[in-house]
Amino acid sequence: MCGIVGYLGKNGAKDILLEGLRRLEYRGYDSAGIAVWENSKIVISRSVGPLDALIEKTTAELLVGTAGIGHTRWATHGDVTEKNAHPHRSSDGKIVLVHNGVIENFSAIGKFLSEKGFSLSSETDSEVLANLIAYHYAKEPERENCNRFLESVRRALLHVRGTYGIVVLCADCPQEMVGARNSSPLVLGIGNGEYFLASDVAGFISRTRDAIFLNDHELVHIRGDDFSILTLNRERIAAVRQAVDWDLSAVELNGYRHFMLKEIFEQPKSLANAMRGRFFADGSTAHFGGLQMSPRELRHIDRIILCGCGSAWCACLAAEYLIEKFARIPVEVEYASEFRYRNAPMERNTLVLIISQSGETLDTLAALREAQRKGFRVLAITNGVGSSIAREADGGIYQHAGPEIGVASTKSFTSQLCIAALLALHLGRLRDLSYEEGTAIAEALRRLPQQVQETLKLSDSIRSVAERYRNCRDMLFLGRQAMFPIALEGALKLKEVSYVHAEGYAAAEMKHGPIALISPDCPAFFLACDGLTLEKTISNIHEVRARGARTIAVVPGGGTFPETTADDIIAVPEAHPAVQPILAAIPVQLFAYHMGVLRGCNVDRPRNLAKSVTVE
Ligand code: F6R
């Protein structure tokens, strides 16, 4: 939520900041702004709307300085207006800051500051923080061995309750920049004679891959050619530099019209990456390097709690079906936002498994911390290398799906399902799953990238289906068993990117209420790929059609599904139940994508959404 970027070097800051913001725009796009050093002054330029508006505005502005900060906003406090856009300057003109997060005690601090003579011109919590730093800066004496600017930021943060990733400039210190984080990400990029700070490495990946991921309660002070990292308690940190292994093409469109489509088409590769090196030599099971649990410990798990938000929560639900079916371990699925406050009773050998693409979702991180606080072991499945969740979990599995720029999850969702299948296989083989059953699952997984490639060829025909439904206002997504989570994900995807109201239900539940919605104006999208319940699902399709609604059905190929059962049939390759949900998810993503494009929506940046939700 909100992308922040900072630059200090020898090149023109304006273009570097705007490029960084372009790559971070998925984090928020209500308004944007930059502040650049110019003739010994910090000049701020801001505008409402997506980054293009800021680029247009700043084209005429010189802004030739070689240091600056930038921000792309997802509004939390205050309307989407220019005065609420970042960067914010303190009323005494000394401090300029960009902020991602929420300052919870901002009104108490604001009151204190107004008594001290500071004034606020926006409705944001961030401007309060800029002024609080300025207050400490004014108070802080010049001292030997203590940088006044850094110290004022540090002291201000000691009084702050809430979350922040910040980058700060000081009007008296043209060669300095301070960053800090608490529950909102911040990464330092170390280039050739230049430094970057950004919410994620995408913000500077075109200029360096040498990065340091800051931890909570750490500050970074960049000063000329040097930098130092310290804690809020002033302890020096010897930070670990990491080489980021993305290439630039991963964050560019490469000829695709949208990131969402590009990422849908990347799935054969992202699935292959999720499995790479994870099959055991005997071909009947999987293994993982990062679980930090012995086979004996894994055998002793008697319950798993799966936690996530949004699509990651749908992936948790899909994982429940897989783990219970193949590993026979009882599983419960929780919304991270509920779990963190629910004080759920948990048994001794419960394992908590967190799923999060970004690894930064605040509620999911809070759920992880709550489980750890109670002494439970927490593993994480995440795509966010070096993310907060990756670092704080007791062990875990990286997705290796590559950066996902489209706001709607696509390749990260299927890669989570794939890892869930591998994990179910691993846990199952430690228990009662036979060598033959294990081998069948492993072989099905190996075939998966090729089958996904086949499924992607349906894109044009799915676009034709979408053309027939583009004007509908509501839609139901229905599926049984392991297809139920895919139905939920399908409804979520359609809502997000096409603004068609959609609900997902377990198909049999339809008769207990949602059937009242069924009408010629409310079509139903069936996920009819669960072999065991196929006949029942076919009956549900008949029930819907008998009430005048049009129906779409995703079915396994091979001709077992009677052709006239649904108005539109999308046949995907037939596969083992462990991987069939992944194949069923592809048409659902393509349908949502084409619906969104046909309806003129910005599928990569749907209204009101942001990719990484770092507020509660
Ligand atoms: C939906 C979507 C969101 C995320 C959710 C969790 O397409 O992308 O619902 O799944 O915000 O995000 P992560 O997985 O980063 O924790």
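**Close-up 1. Phe118 is buried in this predicted model.** The relative accessible area of Phe118 is 12%; buried means under 20%, exposed over 50% and partly exposed in between (1.4 Å probe, protein chains only). Tyr135 is also buried, at 13%. There are ten aromatic pairs in the model. Here, rings of Phe, Tyr and Trp (its six-membered ring) pair if their centres lie within 6.5 Å; planes under 30 degrees apart are stacked, over 60 edge-to-face and the rest tilted. One of the pairs is Phe118 with Tyr135, edge-to-face, at 6.4 Å centre to centre and 75° between the planes. Phe118 lies in the loop between helix 3 (106–115) and helix 4 (125–139), and Tyr135 lies in helix 4, so the pair ties together parts 17 residues apart in sequence. Helices (H or I, at least four residues) and strands (E, at least two) are DSSP runs, numbered from the N terminus.

**Close-up 2. Tyr195 and Phe227 form an edge-to-face pair.** Their ring centres are 5.6 Å apart, with the planes at 65°. The pair links distant parts of the chain: Tyr195 is in strand 10 (residues 195–198) and Phe227 in strand 13 (residues 226–231), 32 residues apart. Tyr195 is buried, with a relative accessible area of 9%. Phe227 is partly exposed, at 21%.

**Close-up 3. Four rings make one aromatic cluster.** The members are Tyr469, Phe477, Phe525 and Phe591.

**Close-up 4. Arginines sit over tyrosine rings.** The rule asks for NZ of Lys or CZ of Arg within 6 Å of the ring centre and within 35 degrees of the ring normal. The charged end of Arg148 is over Tyr137, 4.0 Å from the ring centre. Arg607 lies over the face of Tyr499, at 3.8 Å from the ring centre.

**Close-up 5. Helix 7 packs with helix 14.** Axes are lines fitted to C-alpha atoms over the stretch in contact, with angles from 0 to 180 degrees between N-to-C directions. The two helices are therefore roughly antiparallel (over 145 degrees; under 35 is roughly parallel, 65 to 115 roughly perpendicular, the rest oblique). Contact means heavy atoms within 4.5 Å. Helix 7 contributes Gln267, Pro268, Leu271, Ala272 and Met275. From helix 14, the contact residues include Leu445, Arg446 and Leu448.

**Notes.** Residues are numbered from 1 along each chain as its sequence is written. Local features need pLDDT of at least 70, side-chain atom pairs count only at pLDDT 80 or more, totals for chains, interfaces and linings use all residues, and side-chain values use heavy atoms, without hydrogens and water.
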